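Please look at the sequence and the structure below, and then read the briefing that follows.

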Amino acid sequence: MSANPEKPKVAFYWCASCGGCEESVVDLAEDILMVLDKVDIVFWPVAMDFKKADVVAMPDKSILATLVNGAIRTSEQEEMVQLLRRKSQVLIAYGACSHLGGIPALTNEFSREEVLQYVYHDAPSVVNKEGTRPQPVTEDEGRNPTLPEFRNVVRSLDQVVDVDYYLPGCAPTPKLLKEALLVLLSGELPPKGTVLAPDIALCDECPRKDSKPTDVSFTEFKRPHLHRIDPELCLLAQGFICMGPATRGGCEALCINGNMPCTGCFGPTSRVKDQGAKMLSSVSSNMAAKEENEIDRVLDGIPDPVGTFYRYGLSKCLLRRKVTAGE
Amino acid sequence: MDKSVQSTWDQAQKNANADYMAKRRIVIDPITRLEGHGKIDIFLNKTGDVDRAYFQVPELRGFEVFSLGRPAEDMPQITSRICGVCPTAHHMAATKALDDLYKVEPTSAAKKVRELVYNAFMLEDHALHVYILGGPDFIVGPDAPPELRNVVGVIQKVGVDVGKQVISMRRRIRELIAYVGGKVIHPVLGLPGGVAKGIAKEDLAGLQELAKDCVEFAKFTLQIFHDIVLKNEEYVKLITSEYYTHRTYYMGLMDENNKVNFYDGKIRVVDPDGKPLSEFRAQEYLDHVQEHVESWSYVKFCYLKEVGWKGFVDGADSGIYAVAPLARLNASEGMATPLAQKAYEEFFEVLGGKPVHHTLANHWARVVEMLYAAERMQELLNDPEITSKDLRNIPTEKPSVGMGVVEAPRGTLFHHFETDDNGILTKVNLIVATQNNAARMALSVEAAAKGLIKKGEVNEGLLNKVEMAFRAYDPCHACASHSLPGKMPLIAYIRNAEGEILQELRR
């Protein structure tokens with residue numbers, strides 16, 4: 001470990017995330033021994049006891065690479081990623097939340113007050129006659145425990161600090177992580193801003209690729225819980241929304257191997273500006289129906305377009321957050 | 001000890017003491033080797049003893065609110081993002097809530113596939129805690145230098161070969177989950193009335209082999225626990241010490257014989273003397289569980305409705321309860337498989353009978369549960385129905401309200417959905433394992449801080465022992481932070497000596 005000053009230093013940190021990205025590092029399995037052999041992990045709260053003060057004490061740029069997962073929402077997360085940016089030569093946005101906002105970014109559709117009101121007052125199991133809400137500073141008999149402040153919206157990492165590379169996915173696969181680490185250690189770095197995954201659409205690596213019709217003609221969209229799913233046939237050809245055409249490959253079609261549609265966690269390829277818009281335009285141009293009423297009926301099969309087309313990307317897309325009166 | 005390790009060690013002690021001298025306040029930030037963010041804020045009094053310790057969850061997300069307006073069938077995948085370490089628990093609780101929402105029974109084969117995946121998940125998740133998160137405190141030692149109190153130190157201690165065996169076992173179990181669930185982090189198998197994918201006959205033999213190895217792995221882990229922990233008097237003293245002990249209620253999911261079941265059953269609560277207090281189904285959870293709000297943490301604190309919230313105190317008059325391995329063993333009358341039952345009996349015999357109130361006994365209880373999970377995997381894979389292709393009943397009923405419960409590795413997990421006729425969510429309530437435990441964890445951290453920090457004497461090892469008080473629960477703060485508040489007004493209260501509010505100032 002730190003006994004060997006020759007080894008390059010690497011750090012992992014999490015922001016607003018679920019821990020799946022951390023788990024994907026552990027899922028390196030046998031390869032984690034290779035990583036521990038080649039690098040010195042100097043900060044990794046899920047698995048190691050180094051504290052913030054240890055990071056503060058490090059010289060600037062002394063960490064070769066820091067991989068940050070999770071979206072950015074609190075003052076504490078901002079401070080930590082700014083600190084880690086200063087200490088690191090290379091900063092990598094690791095996973096869908098850090099890359100695009102991820103599932104927590106779906107909150108950008110709601111006002112903060114709506115959330116507060118529900119969580120601390122209206123939720124059916126809450127009893128809160130005093131109307132208590134968590135506070136940045138609590139005054140408790142001379143003691144003042146503090147909490148970080150929450151910002152307006154959920155942001156991706158590059159909306160807060162300068163980012164060098166991106167590893168996509170919810171979560172990224174251990175295979176992609178291993179490849180990225182090997183590239184970093186080789187010293188032959190790709191151009192800044194590179195997404196460290198294949199730049200192809202998921203359809204290209206889908207095992208059902210051969211059954212994808214050149215022209216899909218949608219007469220209805222099926223919700224997966226109400227219909228049987230053929231385990232061989234292209235999901236779009238069966239009428240299920242599968243985000244494959246608008247989504248970057250690299251996961252090796254994991255969800256489809258589980259006989260469920262792709263929900264788009266790897267984000268768009270470099271040729272697509274907006275993942276949701278791309279999928280929406282692809283779906284609309286392939287509608288069999290031409291009459292308005294008929295089109296509406298078909299679209300009833302997609303009751304939640306934002307959650308369907310932008311499930312992981314609401315921080316970084318053409319849609320802005322919901323504007324609510326009084327904010 | 002290595003020189004650089006020694007100097008870091010000395011420096012950490014110096015820093016901690018300097019911090020105390022300056023402010024009489026010790027902040028452990030971030031707390032480590034747990035899932036998600038956490039902070040401990042300790043305030044000392046004039047004599048340097050602990051006045052108060054706050055165990056805080058410093059962030060939150062917004063699942064209950066941002067799920068609204070979305071199709072209920074997306075919930076098994078959306079809520080799995082509450083936690084990527086226990087995604088299968090949220091995935092399964094949500095799937096079961098969908099069964100209830102659409103009033104559709106999963107086919108018998110689908111239920112077995114789900115339970116198989118679920119037990120595989122419980123086994124690998126418990127193994128993660130034993131070997132990577134909590135275990136290093138015992139395997140390497142609570143006072144070992146922080147550089148070594150982790151998976152690297154564990155591998156050094158048990159040897160690379162054993163380390164590799166543990167890593168490979170965990171990988172194989174996770175491959176089984178990925179085989180059925182597509183992804184292992186955030187699986188996709190759950191649909192109301194069944195599963196998306198089953199098990200092919202030609203793959204069965206390999207999986208049966210895996211289950212056999214899982215049982216051996218669990219036995220091996222129990223042996224390690226015996227050798228390293230139970231044979232060490234210091235550790236046994238630590239486990240049974242007063243500042244890691246709380247007399248509270250205990251909750252867990254049980255089968256019809258009151259044996260621990262992770263996937264299905266009724267919820268059973270016992271009192272601090274081990275006597276049954278209540279039994280209820282998921283659909284009745286609101287009659288039994290309530291949440292209390294404090295201003296110094298984003299997590300809400302659960303308590304038993306029938307007893308009530310009495311503040312951060314233990315005992316039969318306080319509604320604080322525990323979930324997770326120790327609580328499940330306390331709330332049950334045994335384990336449903338033979339090796340686990342034997343380990344269960346030994347657990348209570350050595351620790352002086354039921355219920356066991358020692359927080360650190362969670363580590364041992366976790367290993368007992370690993371045995372059950374492995375044995376249950378074996379039972380299910382030996383059931384011929386496990387390869388049946390009858391995997392789904394398609395819903396036909398109109399949805400309205402659905403509730404689901406499972407035992408997550410960290411304890412009882414409730415999902416509650418309400419929808420319109422089209423299955424679009426109109427209300428969501430989630431009570432996650434770590435929330436159930438939040439009040440008892442706060443008690444544990446404060447008791448450990450008070451018991452360990454005296455006259456301002458602080459060192460890194462002592463602070464780590466304070467962290468051990470929560471680590472035993474294997475808390476998941478990612479889960480605990482599933483709800484998200486927005487901008488918080490700063491409110492200051494001016495109180496008189498009796499604590500009554502005289503004036504309220506708002507920013």
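In this predicted model, B:Leu44 stands opposite B:Val50, a residue of strand E3 of chain B. E2(B) and E3(B) pair in the antiparallel sense over six bridges, where two strands are said to pair if DSSP finds at least two bridges between them. Helices (H or I, at least four residues) and strands (E, at least two) are DSSP runs that are numbered from the N terminus.

**The sheet E1-E2-E3 of chain B**

- Three strands of chain B form an open sheet in the order E1-E2-E3, and their pairing is antiparallel.
- E1 and strand E3 (50-56) of chain B stand at the edges with a single partner strand each, so one side of each is left without a neighbour in the sheet.
- From one strand to the next, the twist averages 10°; for such angles, axes are lines fitted to C-alpha atoms, for helices over the stretch in contact, and the angles run from 0 to 180 degrees between N-to-C directions.
- Helix H14 (residues 433-452) of chain B lies across E2 and E3 of chain B and runs at about 145° to E3(B), with contact meaning heavy atoms within 4.5 Å.
- Helix H15 (residues 460-471) of chain B also packs on this sheet, where it touches E1, E2 and E3 of chain B, and its direction makes about 125° with that of E2(B).

**The sheet E12-E13-E14 of chain B**

- Another open sheet of three strands in chain B has the order E12-E13-E14, again with antiparallel pairing.
- Strand E12 (401-408) and strand E14 (425-431) of chain B are at the edges and have a single partner strand each, so one side of each is left without a neighbour in the sheet.
- The twist in this sheet averages 10° from one strand to the next.
- E12(B) and strand E13 (residues 411-419) of chain B run antiparallel and are joined by eight bridges, and B:Val401 stands opposite B:Glu418 in E13(B).
- Helix H4 (residues 87-101) of chain B packs on the sheet and touches E12 and E13 of chain B, its direction making about 150° with that of E12(B).

**The interface of chain A and chain B**

- The contact takes 92 residues from chain A and 112 residues from chain B.
- The area buried between the two chains is about 8800 Å², of which carbon and sulfur atoms give 59%; buried area is the accessible area (1.4 Å probe) that two parts lose on being put together, summed over both.
- A:Asp49, A:Phe150 and A:His225 supply 8% of the area that chain A buries against chain B, which is more than any other three residues.
- Across the interface there are 14 salt bridges, each being a side-chain nitrogen of Lys or Arg within 4 Å of a carboxyl oxygen of Asp or Glu.
- B:Arg170 forms a salt bridge with A:Glu23, in which the closest N and O atoms are 2.8 Å apart.

- Most residues other than glycine have a negative phi, and most peptide bonds are trans.
- A cis peptide bond, with omega about 0°, joins A:Cys170 and A:Ala171, and A:Ala171 has its place in the loop between strand E7 (165-167) and helix H7 (174-186) of chain A.
- B:Asp29 and B:Pro30 are likewise joined by a cis peptide bond, with omega about -5°, and B:Pro30 lies in the loop between strand E1 (25-28) and strand E2 (39-44) of chain B.
- A:Lys61 is not a glycine, yet has a positive phi of about 60°; A:Lys61 is found in the loop between helix H3 (52-56) and strand E3 (63-69) of chain A.

**How to read the numbers**

- Residues are numbered from 1 along each chain as its sequence is written, while chains are lettered from A and ligands numbered from 1 in the order in which they are written.
- Because the model is predicted, local features need pLDDT of at least 70 and side-chain atom pairs count only at pLDDT 80 or more, whereas totals for chains, interfaces and linings use all residues; side-chain values use heavy atoms, with hydrogens and water left out.
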